[in-house]
Amino acid sequence: MENFRGYLLPAVSLLFATSVLFILILSSSGYFSSFGMISFNSTASNFEFKSSVPTADLLRTVSVSDHEIQAVRFTGSTKFLKRDSSARVLSKNEQLKQGLARARASIRKAASTQNVSSIIKNGVDFVPSAAIYRNPTAFYQSYVEMERRFKVYVYREGELPITHYGPCKDIYTIEGRFMSEIEHGAKRFRTSDPHRAHVYYLPFSVAWMVKYLYKPLTYDLTPLKQFVADYVKVVSSKYPFWNRTCGADHFMLACHDWGPHVSKGNSHLYNNSIRVLCNANTSEGFNPQKDVTLPEIHLYGGYVSPKLLSPPPFNAPRPYLAFFAGGLHGTIRSILLQHWKGHDKDLIVFEYLPKDQDYYSFMLKSKFCLCPSGYEVASPRIVESIYAQCVPVILSQNYVLPFSDVLRWEAFSIQVDLSEIPRLKEVLMAVPEEKYKRLKENLKAVRRHFELNQPAKRFDVFHMILHSIWLRRLNMRLG
């Protein structure tokens, strides 16, 4: 017995030492690394992952070096992993997790590469310009991973016209166009198997709710909120997906100003779900960590004006310093009109454009286009300015600009503090000519990200909206 104990103690000690060594090896390799949020706010040379921030039942986090879910067993050696014939098959949910882990690792690797062309395959028609992106290599690789993996399930419940249909022209164009494309065009991203989906789309139109359910001049949004509550109740009762995440991997999309208010019809939709909104106002509950800004695109009759399809040559003269025409909506416009309406021949400001004048002609003849918020923060003038290659001047508060998680808006626009409106001409004239030319050149590069195409094309506004949703899903760890 004494001899047995003599042999046992060294054996246990050896086993313990081996285990500690094995854990240290895994730790040094990143196998047990903590989660951190993907951020494009750094350059390629110092790309970083933000530390995780727990939020109630949900962690919107992402792994720095996520270990992949492997159906393997150790076969005696810690150096090599071999698949065991009895290894279980990964479930669909585990396959999704594994795919997301690989996507994160791929983006992280690309982010440390300063040479964009080194990660782009031959034959592609797009090379991201370093000037307009926070991290061009990270963005490009993230977009490629989205194309490779991202799947959206569109709930089939609901009847026309409030669900599965939306406005495809005029001020709320983007709401209907996105819905039409995701339901009928984007076969690559849509899945008919909800178990293979990364996100779930609630296909109701807030614009059509306002048209069909709202009683004019009552300002009572109760019927709209009740519709949302009922829709969520239907899908959460019929399917398991809403309840397992409290709606965190679901999204709604609305361009109507009342979109944020209508989303309060269900508390989980408001607090947890991804809300894709034109009215992206942080003072009214918009959370850029989980919500997405929807660009407001006003297509009169459903089409881009021919004048904006082919703007003048780059060096064509633009005789006006700046231009704005719009109604007296909200405090910011009131200040702008008070100081500049009809006061200067170089800085052209109208409350309402005279009938014999053309709105787009003024934009195309101006160096800067003023984009003040109205009653709500979003303005279609921003996208119109990009089309016209007229440098947007953002006059807004609490507005999260579209795609600002990947785009450097300072590279192709100017943001002016509201206190500077009285000296706006002085501010704009102080912009050096070389900087103005860079801003205008970058407008040409960024335009493709704000174009609506039928069918959708790579890197256009439909895909950029989808990419913003993809990023939120990447930065989400459920359960």
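## A tour of the cysteines and Trp409

Select Cys278 to begin: in this predicted model, Cys278 is buried, its relative accessible area being 1%. Cys255 sits in the loop between strand E7 (250–254) and helix H8 (259–262), while Cys278 belongs to the loop between strand E8 (274–277) and strand E9 (292–293), so the bond ties together parts that are 23 residues apart in sequence. Cys255 is likewise buried, with a relative accessible area of 0%. Looking along the S-S bond of Cys255 and Cys278, one finds a torsion of about -90°, so this disulfide is left-handed.

Next, select Cys369 and Cys390, whose sulfur atoms lie 2.1 Å apart in a disulfide. Cys369 is in strand E12 (residues 366–372) and Cys390 in the loop between helix H13 (381–388) and E13, so this pair ties together parts that are 21 residues apart in sequence. Both Cys369 and Cys390 are buried, and their link, with 110° about the S-S bond, is right-handed. The whole structure holds 2 disulfides.

Now select Cys371, which is buried at a relative accessible area of 2%; the closest cysteine sulfur, that of Cys369, is 6.5 Å from the sulfur of Cys371, which is too far for a bond.

Finish at Trp409, in the loop between strand E13 (391–395) and strand E14 (414–415). With 3% relative accessibility, Trp409 counts as buried, and among the residues that Trp409 touches are Ile382, Ile386 and Phe450. Show Ile132 as well: although 277 residues separate Ile132 and Trp409 along the chain, their C-alpha atoms are 7.2 Å apart.

Note on methods
Residues are numbered from 1 along each chain as its sequence is written. This is a predicted model: local features need pLDDT of at least 70, side-chain atom pairs count only at pLDDT 80 or more; totals for chains, interfaces and linings use all residues. Side-chain values use heavy atoms; hydrogens and water are left out. Helices (H or I, at least four residues) and strands (E, at least two) are DSSP runs, numbered from the N terminus. Buried means under 20% relative accessible area, exposed over 50%, partly exposed in between (1.4 Å probe, protein chains only). Contact means heavy atoms within 4.5 Å. A disulfide is a pair of cysteine sulfur atoms within 2.5 Å. Lists of a residue's contacts leave out its neighbours within four places in sequence.
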